[in-house]
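Subject: Structure handover

Hello,

Please find the structure below, for your files. My notes on it follow.

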Amino acid sequence: MPERVLLVGLGLKSVAAAIPASLAELEGLALTAGAEIVGIRTQALPRWNSRTLAGTGKIEEIAAAVREHKVQTVIFDAELSASQQKAIEGTVPAKVVDRTRLILDIFAQRAHTREGRMQVELAQLSYLLPRLTGAWRSFSQQVGGIGTRGPGEQKLEYERRHIQRRILELREKIESVKRARAVRRQARLSVPIPQIAIIGYTNAGKSTLLNTLAPSASPIYADDKLFATLDPTARRVKIPGFGWAVATDTVGFIQRLPTTLVAAFRSTLEELTMADCLLFLSGASSPNREMQERTVASILDEMGARDIPLVSAFSKADAVDAETRRALVRKAPLRPMISSRTGEGLDKLYEALARALSERWILKHLYLPFSEASRLGMIRSAAQVVSVETESERMKIGLRITQANWDRLLKRMDALPGVESGTSTK
Ligand SMILES: Nc1nc2c(ncn2[C@@H]2O[C@H](COP(=O)(O)OP(=O)(O)O)[C@@H](O)[C@H]2O)c(=O)[nH]1
Ligand SMILES: [Mg+2]
């Protein structure tokens with residue numbers, strides 16, 4: 001059962017125009033965290049109320065909405081201090097979560113690597129430390145759900161000094177994990193199927209696209225050990241003109257990412273550095289698109305993901321007006337303009353993905369005598385078998401494989417009698 005959530009958008013009157021865009025992002029984040037949004041309240045204030053951030057009347061209105069709609073959690077599109085949260089929870093009979101805590105919750109759900117989990121725990125504990133008040137504990141620990149998940153959760157019982165010790169310990173461990181990262185990347189080279197990471201800002205349409213490309217709800221090869229460590233959002237996608245790939249839905253970029261969460265965000269996103277291809281979606285009609293594109297490019301650079309083939313696409317083509325569309329096409333004529341809703345442009349997207357993946361995943365073939373047919377299993381663990389033809393005494397096996405895997409495979413096959421190999425063009 002999704003958690004019943006009320007969103008609260010707040011801002012100063014002087015910048016009230018920014019409230020809706022920020023709220024739209026908060027909504028996307030809340031949905032990602034598993035919320036059912038049952039209401040939204042906003043307030044543009046002449047000045048902040050230092051006790052409860054929103055005005056007293058607004059807090060009472062929120063409390064009434066909470067009772068009426070059986071709201072479990074109220075998410076504020078703002079940062080709340082411990083005392084503000086306590087004061088609000090004094091009037092509003094629900095768990096009160098601020099923006100940072102919501103984002104931390106998503107990171108906790110999405111961090112799969114060891115470093116990612118530790119970075120998120122570190123950020124959670126750093127968030128928690130100044131908020132270790134009676135009110136925070138009693139409320140949040142009892143109810144659970146959004147804002148309380150992840151590795152930090154079981155640590156809440158620790159006293160302040162235990163948390164401080166754990167923070168130091170995490171900092172040290174993260175350093176040593178970082179040093180081991182290169183080794184991990186090496187290990188991934190042997191995976192026999194290419195990986196596509198879908199990246200983009202929250203609400204760009206990443207999850208919807210993944211569902212469109214791979215409509216079955218089942219994740220890839222449920223029983224295949226090779227994929228046991230993969231992100232649970234990974235899906236097998238058939239790319240016409242190429243073959244199979246695995247696409248994953250990465251944690252979304254966030255427009256107003258609190259600086260305290262930058263490290264946790266980066267490490268949660270880290271997995272994309274192991275992808276064979278990045279698929280970058282940006283909403284065709286998104287007002288901040290250019291700024292977002294620059295931010296993504298610079299973060300990819302910093303993460304050392306520059307050499308990974310990048311396919312960019314404009315999403316939600318069905319929702320863009322004709323004039324904006326013309327301008328986008330003029331600016332980036334080769335970039336697919338796609339819609340998960342209407343299916344527009346998906347053929348162009350497949351073509352672009354096939355081209356990008358073929359850079360690393362090349363076509364090769366092997367002739368294998370029937371007497372060596374038992375080697376097929378080994379071949380499949382290093383390559384994608386795209387065709388098998390039989391000739392008189394042997395099979396011609398067409399493969400999609402990385403150069404590194406090919407070299408490794410040949411070393412193991414070369415000693416076998418009757419094996420021949422070659423590069424295919426088509
Ligand atoms: N009009 C339109 N809306 C879309 C399309 N794809 C996704 N959306 C909507 O955009 C919102 C965000 O989509 P989602 O896939 O959750 O974005 P994510 O945060 O990048 O995973 C949802 O309300 C979707 O229904 C599309 O092709 N056209
Ligand atoms: Mg999503």
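**The E6–E7 hairpin and its sheet**

Strands E6 and E7 make a hairpin with three residues between them, and Gly241 in the turn has a positive phi of about 80°. Helices (H or I, at least four residues) and strands (E, at least two) are DSSP runs, numbered from the N terminus. This is a predicted model, in which local features need pLDDT of at least 70 and side-chain atom pairs count only at pLDDT 80 or more, while totals for chains, interfaces and linings use all residues. Residues are numbered from 1 along each chain as its sequence is written, and chains are lettered from A and ligands numbered from 1 in the order in which they are written.

E6 (residues 235–239) and E7 (residues 243–249) run antiparallel and are joined by five bridges; two strands pair if DSSP finds at least two bridges between them. Ile239 has Gly243 in E7 as its bridge partner.

Axes are lines fitted to C-alpha atoms, for helices over the stretch in contact, and angles run from 0 to 180 degrees between N-to-C directions.

E8 (residues 277–283) pairs with E9 in the parallel sense over six bridges, and Gly283 is opposite Ser315 in E9. Contact here is between residues whose C-beta atoms, placed from the backbone, lie within 7 Å.

**The four-stranded sheet**

Another open sheet has four strands in the order E11-E12-E10-E13, with antiparallel pairing. E11 (384–390) and E13 (420–423) are at the edges with a single partner strand each, so one side of each has no neighbour in the sheet. Neighbouring strands here are turned by 20° against each other on average, direction ignored. Six bridges join E11 to E12 (residues 394–402), and Glu389 has Lys396 in E12 as its bridge partner. Helix H14 (residues 403–413) packs on this sheet and touches E10 (361–369), E12 and E13, its direction making about 145° with that of E12.

**Two helix pairs**

H1 (residues 19–32) packs on H4 (residues 99–110) at an angle of about 40°, with the axes 9 Å apart. The two are therefore oblique to each other; angles under 35 degrees count as roughly parallel, over 145 as roughly antiparallel, 65 to 115 as roughly perpendicular and the rest as oblique. Leu26, Leu29, Ala30 and Thr32 of H1 meet Arg99, Leu102, Ile103 and Ile106 of H4.

H5 (residues 114–128) and H9 (residues 262–269) pack at about 160° with their axes 8 Å apart, which makes H5 roughly antiparallel to H9. Glu115, Gly116, Gln119, Val120 and Ala123 in H5 meet Ala263, Ala264, Ser267 and Thr268 in H9.

**Ligand 1**

Ligand 1 is surrounded by 17 residues, the closest being Gly205, Lys206, Ser207, Thr208 and Ser340; a residue is counted if its C-beta atom, placed from the backbone, lies within 6 Å of the molecule. Helix H8 (residues 206–213) supplies the largest share of the shell, three residues.

Regards

Methods. Contact = placed C-beta atoms within 7 Å.
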